Amino acid sequence: MKIGIYPGTFDPVTYGHLDVIKRASKVVDYLIVGVLCNVRKQPLLTLQERIQLLESVTDDLPNISIESFSGLLVEFAKQKNANVIIRGLRAVTDFEYELQLAQSNQYLNSDIETIFLATNVQYSFLSSSMVKEIAQFGGNVDALVPPKVAEFLRTKYR
């Protein structure tokens, strides 16, 4: 069984993330969306809020689960018996950083492969940081995030 992990902060989940999640769920038998608890980042949303939003926008996908993790991704993958890490690439600028991560993970555990999925071109400019900034200043994020996320952000920034 091919078990994949799509890791990220998802602060908040965007249509770009959702695009990769849906496509990745077709590449592996079972997909774990790993919500990173990163001590170096100051997320807007709590870990629980990020998990709940992800669960609400992926409840139609039967072969995925949403789980949090901290520490090394390859250790989390090993705990979950995952053999594939899925990473999304928006632009060429993402590639160098993602390649470095993939090579580091390969060094740490050569049994786990990394697969890159090119983000749908309509989401290539999209980032959680940009969504938060637009929402913070009252901009419309309806085309960038699922409706439940847009409503959550409007409430959060009120």
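Leaving aside its neighbours within four places in sequence, which residues is Phe76 in contact with?

1. Let's start there, keeping in mind that this is a predicted model. Beyond those sequence neighbours, Phe76 touches Ile5, Ile32, Gly34, Glu67, Ser68 and Phe69. Phe76 sits in helix α3, which covers residues 73–79. With a relative accessible area of 4%, Phe76 is buried. As for Ile5, the C-alpha atoms of Phe76 and Ile5 are 9.0 Å apart, though 71 residues separate the two in sequence.

2. Now step back to the overall layout. The protein chain has six helices and five strands, and from the N terminus the elements go β-α-β-α-β-α-β-α-β-α-α. The radius of gyration is 15 Å, close to the 15 Å that the globule rule gives for 158 residues, so the chain is as compact as a globular protein of that length. Along the principal axes, the C-alpha atoms fill a box of roughly 45 × 30 × 30 Å.

3. A few totals for the whole chain. Of its 158 residues, 47% count as buried. Take the contacts between residues at least 6 apart in sequence: 76% of them join residues at least 24 apart. The chain exposes about 8700 Å², with carbon and sulfur atoms supplying 52% of that. There are 16 positive and 17 negative side chains, and the centres of the two sets lie 2 Å apart.

4. Helix α2 (residues 47–57) is worth a look too. Its buried residues include Ile51, Leu53, Leu54 and Val57, and also Glu49 and Arg50. The buried residues of α2 pack against α1, β2, β3 and α6.

5. On to the charged pairs. The count comes to nine salt bridges. One of them joins Asp11 and Lys132, at 2.8 Å from N to O. Asp11 is in the loop between β1 and α1 while Lys132 is in helix α5, so to speak a link between distant parts of the chain, 121 residues apart. Both Asp11 and Lys132 are buried.

6. Glu67 lies in strand β3 and Lys80 in the loop between α3 and β4, so the pair ties together parts 13 residues apart in sequence. Glu67 is partly exposed at 22% relative accessible area, and Lys80 is partly exposed at 29%.

7. Finally, Arg154 and Glu151 form a salt bridge, with the closest N and O atoms 3.5 Å apart. Both are in helix α6, three residues apart, which means about one helical turn separates them. Salt bridges with shared partners join Asp142, Glu151, Arg154 and Arg158 into one network.

Key. Residues are numbered from 1 along each chain as its sequence is written. This is a predicted model: local features need pLDDT of at least 70, side-chain atom pairs count only at pLDDT 80 or more; totals for chains, interfaces and linings use all residues. Side-chain values use heavy atoms; hydrogens and water are left out. Helices (H or I, at least four residues) and strands (E, at least two) are DSSP runs, numbered from the N terminus. Buried means under 20% relative accessible area, exposed over 50%, partly exposed in between (1.4 Å probe, protein chains only). Contact means heavy atoms within 4.5 Å. The radius of gyration is taken over C-alpha atoms; the globule rule is 2.2 Å times the number of residues to the power 0.38. Accessible areas come from the Shrake-Rupley method with a 1.4 Å probe; for residues, only the protein chains shown count as cover. Lys and Arg count as positive and Asp and Glu as negative; His and the chain ends are not counted. The place of a charge is taken as NZ of Lys, CZ of Arg, CG of Asp or CD of Glu. A salt bridge is a side-chain nitrogen of Lys or Arg within 4 Å of a carboxyl oxygen of Asp or Glu.
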